Amino acid sequence: MTRSFNPVFASLPTTIFTVMSGLSVEHGAINLGQGFPDNEGPDDVRARAADALMAGSNQYPPMLGLPELRQAVADHYRRFHGLELDWKSQVLVTSGATEALAAAIMALVAPGDEAVLLEPAYDCYAPQVRAVGGTPRFVRLEPPQRRITTEALEAVTGPKTKLIVFNNPQNPAARVYSPEELKVLADWCVRHDVVAVCDEVWEHLVFDGRRHTPLMSLAGMAERCVKIGSAGKIFSLTGWKVGFVCAAPELAAIVGKAHQFLTFTTAPNLQTGVAYGLGKADSYFQDMRAYYARSRDRLTDGLKAEGFAVIPSEGTYFVNVDLAASGLNIDDAAFCLRAVKEAGVAAIPVSAFYESDPVRNVVRLCFAKRDQTIDAGIERLAKARRLF
Ligand code: PMP
Ligand code: GLN
């Protein structure tokens with residue numbers, strides 16, 4: 001018997017993060033591929049979750065999230081960005097940003113609608129759009145600047161354009177969009193009545209004095225943005241998978257309808273830990289940023305000393321290396337495969353974030369690691385360089 005499956009998933013490869021982490025384990029490599037820190041995250045946040053596990057309820061929390069977490073999310077964004085969110089009608093908790101994205105896309109895209117994705121695009125967006133019968137329309141942001149322009153957006157706009165997924169700070173490019181680009185995007189959304197699903201999971205990981213500006217805070221955008229955050233990135237706890245969605249009541253309500261049948265809810269003790277963490281003093285967030293900025297500089301400087309051309313990282317846990325500009329005329333996937341197998345270091349080929357005709361000369365490296373891991377990674381990348 002031949003079974004037929006949903007073609008969206010039947011035709012998909014396994015995500016590059018899993019592939020590279022698998023190869024990294026298999027070859028005993030240093031893993032600078034998948035983005036996760038090699039520290040354990042803040043003790044107090046983990047202790048709060050541990051206490052809640054033992055002393056609190058372990059039964060289903062409310063479908064939209066623990067009230068204390070929804071309030072903490074609203075308070076957090078008021079403190080950092082001046083957003084005014086009513087926690088009861090505008091905030092809900094999800095199982096990570098991945099679920100938030102799935103719920104938002106399921107709730108907002110009807111079959112036949114088009115969704116604009118900016119390439120390189122984080123890998124779950126296009127399958128999530130297709131799974132609900134939508135069509136992705138890709139806008140390529142060309143390296144090295146990768147700027148958003150009105151012309152590029154208008155070129156893919158039509159009567160079916162329903163939403164855009166906007167990732168800022170951007171993974172994998174490690175870019176923080178400029179105020180001018182945010183304005184271009186907001187004006188385009190308003191002009192064409194487009195909803196922006198704003199993947200802002202890296203909002204606290206911005207460097208060199210940059211400040212994150214939620215697209216939602218721009219004129220005319222409060223009623224057309226679905227803002228998505230993730231505790232995994234804010235607290236270096238990527239395994240927790242606690243995400244949150246903030247949106248105007250009408251949008252939050254429909255996203256909640258999708259969420260109720262995706263996961264319904266999220267582990268209550270982790271929600272308690274995150275509610276506590278979001279209320280931590282400003283110094284926690286500043287120190288966390290400073291720690292990762294130092295690691296970024298260590299990896300960047302070390303790679304440059306080995307002759308790699310590094311594209312400056314403005315935010316996230318990542319830096320990108322331009323292989324061609326480093327004198328390596330080799331395809332990114334081939335480089336990553338030999339690097340992990342023969343030099344013992346895992347990286348992510350940026351071509352994995354393109355639908356077609358990918359940029360093939362850039363690899364992404366994660367610097368959210370201890371100094372000794374970064375140093376060993378640099379040494380092994382230098383070895384990988386000598387393979388070609
Ligand atoms: N969006 C982007 C841009 C990401 O980089 C990630 C993970 N690093 C996610 C979504 C997924 O977040 P979560 O682990 O909370 O599902
Ligand atoms: N977002 C992480 C990254 O960019 C990976 C998350 C995952 O593996 N699903 O590396």
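## Who sits around ligand 2?

Seven names to look for around ligand 2 are Phe17, Gln34, Gly35, Tyr122, Asn171, Phe318 and Arg364. Keep in mind that this is a predicted model. Sort that shell by class and you get three nonpolar, three polar and one charged residues.

## Polar contacts

Let's zoom in on some atom pairs. Gly35 takes part through its backbone: an N or O atom there lies 2.6 Å from an oxygen atom of ligand 2. Asn171 uses its side chain instead, with an N or O atom 2.8 Å from an oxygen atom of the ligand. For Tyr122, a polar side-chain atom is 3.1 Å from a nitrogen atom of ligand 2. How much of ligand 2 does the protein bury? On its own the ligand exposes 300 Å², and the protein buries 79% of that.

## The largest pocket

Ligand 2 takes up space in the largest pocket, which holds about 1100 Å³. Its lining counts 42 residues, and the closest to the centre are Thr15, Phe17, Tyr122, Asp123 and Cys124. Helices H2 (16-26), H6 (96-108), H7 (125-131) and H10 (231-234) each give two or more residues to this lining. By class, the lining has 21 nonpolar, 13 polar and eight charged residues.

## The second largest pocket

Helices H4 (67-81) and H13 (282-305) each supply two or more lining residues, and H13 gives the most, with three. The lining splits into two nonpolar, five polar and five charged residues.

How values were computed:
Residues are numbered from 1 along each chain as its sequence is written. Chains are lettered from A and ligands numbered from 1 in the order in which they are written. This is a predicted model: local features need pLDDT of at least 70, side-chain atom pairs count only at pLDDT 80 or more; totals for chains, interfaces and linings use all residues. Side-chain values use heavy atoms; hydrogens and water are left out. A residue is near a molecule or strand if one of its heavy atoms lies within 4 Å of it. A polar contact is a pair of N or O atoms within 3.5 Å; within protein, one must be able to donate a hydrogen and the other to accept it, and residues adjacent in sequence count only if both atoms are side-chain atoms. Accessible areas come from the Shrake-Rupley method with a 1.4 Å probe; for residues, only the protein chains shown count as cover. On a 1 Å grid over the protein atoms alone, a cavity is a set of points where a 1.4 Å probe fits but cannot get out, and a pocket is an open set with protein on both sides within 12 Å along at least five of seven lines; lining residues have an atom within 4 Å of a point. A molecule sits in a cavity or pocket if more than half of its atoms lie within 2 Å of its grid points. Ala, Val, Leu, Ile, Met, Phe, Trp, Tyr, Cys and Pro count as nonpolar, Asp, Glu, Lys and Arg as charged, and the others, Gly among them, as polar. Grid points are joined across faces, edges and corners, and a volume is the space filled by probe spheres set on the points. Helices (H or I, at least four residues) and strands (E, at least two) are DSSP runs, numbered from the N terminus.
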